[in-house]
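Keep the viewer open beside you and try each task before reading its solution.

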Amino acid sequence: MTGRADLAVTGSRIWVGDGSWTHALAVRGDRVVAHGDAVAELVGPRTELLHGVGASVVPGFQDSHIHAPQAGRNLGTVDLRDLTGRAAYLERIADYAAANPEQPWIVGGGWSMEHFPGGSPHRDDLDAVTGARPAFLFNRDVHGAWVNSAALRIAGIDASTPDPSDGRYERATDGTPTGMLHEGAAYTFETSFVPMPSREAWEQAILAAQAHLHSLGITGWQDAWVTPQTQEAYRSLVSAGRLTARVVGALWWDRHRGLEQIDDLRERRTLEPGNFHPTTVKIMVDGIIENQTSSMLAPFCDGCGGHTDNRGLDYVPRDVLVAALSELDALGFQVHMHAIGDRAIRNALDAVEAARTANGPNDNRHHIAHVQVVQPPDVPRFAELGVVANCQTFWAQHEPQMTENTIPWIGPERAELQYPFASLARSGARLAMGSDWPVTTADPLLQMEVAVRHVDPGHRDNEPFLPGQRLSLDAALTGFTAGTAYVNHDSDGGTLQVGRRADFAVLDQDLFQLDGRISDASVVSTVAAGHVVFGPG
């Protein structure tokens, strides 16, 4: 061991991530070079010292499913995520419209369905605060959008316009669109009519997101919706040395196309040096329960104790999904699948099984995100097939959307099958943790508290949601560190062993001393690749 440390951390309890703890850490360049008592001999006059700035240190958090460019963009537009209720939404929209008269469109999002009758806001309310300017506002889960009359006129959408195959327009009894666009209706509208940011604007959005994520102790993520435009922005930031997080890019699978798009995806996959790795393909297998577009084995309930004829949508037919998985797997792509309903999850597992049969074992690390309703026979298949469960733990709580817009559509029996994180862990499946930000908070401490307690951190006296599926703190913390590093093919991340990349978060409290109240802690400082990217240093 030669040379002084560039950075040393002392006076804190350090969770290495491999089952061990230490009291000091030394960094040279971007690597951890020593632990414990050996650190003292490496500290020199030029060593940057983080001494006693926090109660504990953990490996840098990683997020396995996030939409950083879109979330960063929201920070500079109409951001409704921190508000509650229709009146508060309309007030903020009106304030933004008044403060930004030069903007041709009013865009943003983050509103929640439970604040509107049937989960659907109306264009008339939006008209009252936006006037003649078109408005397009995604809801919190980004599976629907609220538009005003001006936007509908620009798009030529009226009572005679048919619904798209992968979505629908909410309508009045006479067929007139009310201003709520579901699924593909929203996505097609956005790409066809809403002005998209320039590359420079996307860069600024990514940098804004990166700053926020670093402040939460996050040093890497997987972007679950990479378009050609956001890919160019990421590459530009890498070239300029401004992307300080390690990012895996999941290239978006166009569900309106078929297997012919694989050639385009191969051209976009690059193995250039730097912090951005577009080596994954993201496939949306189905929609969501709240608008009855998740793919279900049995029909949805009608919300009143009966059943409908609707089993949701398969955005990618099972045979196409099987063929796509096998071909992408053979080409060395990792596949990141959104699957909410039990039929979608079964189809996704079947597709991986077919790929394994066709191509044999490999290290592509395919994963299924959200895993909301999983039938018991499918739980052990994750481990058997080597499929990672990409978990959004913050969703596993009683909150208005769960009570009003989820359980009524699937009924009490299927409600008990939701988010089987502990069952998956017991079966041997690997767990990776992701926020789906801006859908919900990006804060890993809030997400871990829900993973461990299954209770809203803001209402800690609530009854826990499906308490049998709660995780231990060690399992939750591993999911946000080594688990996501694994799914991101990041062999240097996830732990603080000697020789690994020096990514870590300094916390003001010891998570293991908080009795599950994990979000009482906060991040003091974040280090990525040996450099302080947030906090004192």
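**Exercise 1.** How far apart are the mean positions of the positive and negative charges of the protein?

*Solution.* Bear in mind that this is a predicted model. Start by counting: the protein carries 41 positive and 66 negative charges.

**Exercise 2.** Does the radius of gyration agree or disagree with that of a compact globule?

*Solution.* Begin with the chain length, 537 residues, for which a compact globule would have a radius of gyration near 24 Å. The protein has 23 Å, so the value agrees with the rule. For the extents, look along the principal axes: the C-alpha trace spans about 80 × 55 × 50 Å.

**Exercise 3.** Describe the cover and the contacts of the chain.

*Solution.* First, burial: 61% of the 537 residues count as buried, with a cut-off of under 20% relative accessible area.

**Exercise 4.** Which strand pairs with β6, and in which sense?

*Solution.* The protein has 15 helices and 22 strands, so pick out β6 at residues 61-66. In this strand, 6 of its 6 residues are buried. Now find its partner: β13, residues 218-226, pairs with β6 in the parallel sense over 4 bridges. To finish, locate Ile66, which stands opposite Asp223 in β13.

Conventions:
Residues numbered from 1 in each chain as written. Predicted model: local features only at pLDDT ≥ 70, side-chain atom pairs only at ≥ 80, totals over all residues. Heavy atoms only, no water. Helix = DSSP H or I, 4+ residues; strand = E, 2+ residues; numbered from the N terminus. Rg over C-alpha atoms; globule rule 2.2 N^0.38 Å. Buried < 20%, exposed > 50% of the residue type's maximum accessible area, 1.4 Å probe, protein only. Lys, Arg positive; Asp, Glu negative; His and termini not counted. Charge placed at Lys NZ, Arg CZ, Asp CG, Glu CD. Pairing = 2+ DSSP bridges.
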